[in-house]
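Trainee: I would like to learn how to read this structure. Please take me through it one feature at a time.

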Amino acid sequence: MGLNEYKKKRDFDKTAEPAGKVAPTKPAKHLLYVIQKHRATSLHYDFRLEWKGVLLSWAVPKGPSLDPGTKRLAMQVEDHPIEYASFEGVIPEGEYGGGTVMVWDTGTWTPESPDVDAALATGDFKFTLHGKKLKGSWVLVRTRGFGGKPSWLLIKHRDEYASDVDVTTQEPKSIVSGRLLAQIAEEGGGDVAKAATGDPAPKVARKAAPKAAGGKPGASKTGSASRKKAKAASR
Ligand code: MN
């Protein structure tokens, strides 16, 4: 653990990302949780949990799923500094991770395993998330290595927060600024077109959408019914 690999990969004269240092350890109930949606070479969700003064980090290409039957690949990456959790903006193209970063969800987490270090070493790490979008019980299970990096699966446990709602498409905006990736890129002088490929496809313009009259019930899969469901699930 530590930030050597993090620092080695970045030129802090060129990127606005924090240089960071290992923070003093805080009581377990205040451990930070954050997911940063990152449109770099490819789109992924950086899942980070504060532990021993750094953010343990996994890159989740498809993002989290609320469905306990859907396992999501999570490649462990270098630890990040605690203050990275609030970074939202543009990493210059050509720099490590060049692209647009959004704070997609944030909150705190509590370990379910009594010994976190042992759980991480064993590769069976259970925890509870107290985020705005993600809540309840989750597990990271280490699986076979993938391209030399430790590879894990991120899985939702069955509880009141489990759902078949696709949270990544239903809740695509920044939890801190309400912006989509394209807006973050635009305001940060980044590549707007590239960032936009990480946002959901634009919805049909409101004036073009037919009023309810004549519309088949349940015809719209992304309509108000599933939005209500998503809200209910995120409570
Ligand atoms: Mn990333």
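Mentor: Start with a pairing of strands. Strand S5, residues 89-91, pairs with S6 in the antiparallel sense over 3 bridges. This is a predicted model, and each feature below is read from it.

Trainee: Which residue stands opposite Thr 100 of S6?

Mentor: Val 90 is the residue opposite Thr 100.

Trainee: In what sense do S6 and strand S7 pair, and over how many bridges?

Mentor: S6 and S7 (residues 124-131) pair in the antiparallel sense, over 5 bridges.

Trainee: Is S1 mostly covered or mostly open?

Mentor: Strand S1, residues 32-39, is mostly covered, with 7 of its 8 residues buried.

Trainee: What joins S1 to S2?

Mentor: A hairpin does, through 3 residues. The two strands run antiparallel and are joined by 7 bridges. Arg 39 stands opposite Leu 43 of S2.

Trainee: Why does Leu 43 count as buried?

Mentor: The idea is to count neighbours: a residue is buried if 20 or more other C-beta atoms lie within 10 Å of its own. Leu 43 has 20 C-beta neighbours inside 10 Å, so this residue counts as buried. Leu 43 lies in strand S2, residues 43-51. From C-alpha to C-alpha, Leu 43 is 9.6 Å from Thr 100, while in sequence they are 57 residues apart.

Trainee: Where is Lys 52 placed, and why does Lys 52 count as partly exposed?

Mentor: Lys 52 is in the loop between S2 and strand S3 (54-60). Lys 52 counts as partly exposed because 15 C-beta neighbours lie inside 10 Å. Its backbone also deserves a look: phi of Lys 52 is near 55 degrees, a positive value in a residue other than glycine.

Trainee: Which residues have the most contacts inside the largest nonpolar core?

Mentor: They are Phe 47, Ala 74, Leu 154 and Leu 181, in a core of 37 residues. Take Phe 47 as the example. Not counting residues up to four places away in sequence, Phe 47 touches Ile 35, Trp 58, Val 60, Ala 74 and Leu 154.

Trainee: Now the whole chain. How many helices and strands does the protein have?

Mentor: The protein has 6 helices and 9 strands. Of its 235 residues, 30% are buried. Among contacts with a separation of 6 or more, 58% are between residues 24 or more positions apart.

Trainee: What is the average pLDDT of the protein, and where does pLDDT stay under 50?

Mentor: The average is 87, and 82% of the residues score at least 70. Over residues 213-235, pLDDT stays under 50. For that stretch the model has 12 contacts beyond four places in sequence.

Trainee: How should such a stretch be read?

Mentor: Where pLDDT is low, the predicted coordinates should not be read in detail.

Conventions: Residues are numbered from 1 along each chain as its sequence is written. This is a predicted model: local features need pLDDT of at least 70, side-chain atom pairs count only at pLDDT 80 or more; totals for chains, interfaces and linings use all residues. Helices (H or I, at least four residues) and strands (E, at least two) are DSSP runs, numbered from the N terminus. A residue is buried if 20 or more other C-beta atoms lie within 10 Å of its own, exposed if 12 or fewer, and partly exposed in between; C-beta atoms are placed from the backbone. A nonpolar core is a set of buried Ala, Val, Leu, Ile, Met, Phe, Trp, Tyr and Cys residues joined through C-beta atoms within 7 Å. Two residues are in contact if their C-beta atoms, placed from the backbone, lie within 7 Å. Two strands pair if DSSP finds at least two bridges between them. pLDDT is the predictor's confidence in each residue, from 0 to 100.
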